[in-house]
Amino acid sequence: MDSTATDRFDTSRFEAGRSRLASLAYRLLGSATDAEDAVQDAFLHWQAADRQRIKVPEAWLTKVVTNLCLDRLRSAQARRERTAGAWLPEPLLDGDAMLGPADTFEQRESVSLAVLMLMERLSPLERAVYVLREAFSYSHAEIAEILDITESASQQHLHRARRRITAGRRGGGEVDPASARRIVEEFLAAASSGRTERLVALLTDDATAISDGVAGLAEKLLRYDTPRRIAAVVRAGFKPTPAKRRLAGGSPAVHYALVNGAPAILFVLGDQIIGAVTFDIADGKIATIRGIAAPTRLLRLTEAWRQHGPDTPLITQW
């Protein structure tokens, strides 16, 4: 095989695993954009490597991507961004290949917005061990090899990560899709009509709401932590006004969708998503609301939406 044919063969081997690598990087970084950059950097490492000496390409590439992501998480810029109080995971529309694997509850949960935010409480090594074990089922021996730590250290990191994730987790198990949609539709109807008491009744007693502000312009995330305060903010935020429509560029349609496995409503203007509101459901009520409007956080969601089959909006013109 000549060198050109070898390069084509090796490139095809890399491309065959690109989706898996991107899914790993997304779980580690919480950003689709950063995940794509990490995978592309891994490809450059792959091209520069003596590939004839790489016995198991999948293991080699997993190690490279994981460590590239750890470098990003440890960087001064990442620490500043994530401790400034303005970081949110980048949402992905269900069906996006970057969300895989999704065969088990643990795999699906590891890519939920709730767990991606909880993983911010972990050290980079704890986060890596948790993702490699829970989402990709690597053994502690394999994780130790990937991260250059001992098996005992891997086990300890996993124990601490699981404890912290469990302590912050709200609700248990997966929610019935039909029930989740019904709750969100009731929420939207109450918010649109200004029925504060109905909104309060739909929220858990310890509900929280997080938003990056109008058009995603808030310097720090806005947080609300009582049902009545959340209801007041939601009622005001969902009330359309000429000023809001001018800021949005028109009257968007409101669609129901699944985002990172959770129910969501999307504000869609033409073929552009200008806002997303996601919900965590616990015990038949809404436990967490996240409002995401920063255009940079909605790029991949919009790309996926443009390939999404048309459906009937919940509200034709907001």
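Trainee: How many aromatic pairs does the count come to?

Mentor: Six. Rings of Phe, Tyr and Trp (its six-membered ring) pair if their centres lie within 6.5 Å; planes under 30 degrees apart count as stacked, over 60 as edge-to-face and the rest as tilted. Phenylalanine 14 and phenylalanine 43 make a tilted pair, because their ring centres are 4.9 Å apart and their planes stand at 55 degrees. The two are 29 residues apart, phenylalanine 14 in helix H1 (residues 3–16) and phenylalanine 43 in helix H3. This is a predicted model: local features need pLDDT of at least 70, side-chain atom pairs count only at pLDDT 80 or more, and totals for chains, interfaces and linings use all residues. Numbering runs from 1 along each chain as its sequence is written, and side-chain values use heavy atoms, without hydrogens and water.

Trainee: Is phenylalanine 14 buried or exposed?

Mentor: Buried means under 20% relative accessible area, exposed over 50%, partly exposed in between (1.4 Å probe, protein chains only). Phenylalanine 14 has 0%, so it is buried. Phenylalanine 43 also counts as buried, at 10%.

Trainee: How is the pair of phenylalanine 267 and tryptophan 318 arranged?

Mentor: That pair is edge-to-face, at 5.8 Å centre to centre with 85 degrees between the planes. Phenylalanine 267 counts as buried at 11%, and tryptophan 318 is buried at 10%.

Trainee: Which residues form one aromatic cluster?

Mentor: Phe187, Phe238, Phe267, Phe279 and Trp318.

Trainee: What joins the side chains of glutamate 126 and arginine 160?

Mentor: A polar contact of 3.1 Å (N or O atoms within 3.5 Å; within protein, one must be able to donate a hydrogen and the other to accept it, and residues adjacent in sequence count only if both atoms are side-chain atoms). Glutamate 126 counts as buried, at 4% relative accessibility.

Key: Helices (H or I, at least four residues) and strands (E, at least two) are DSSP runs, numbered from the N terminus.
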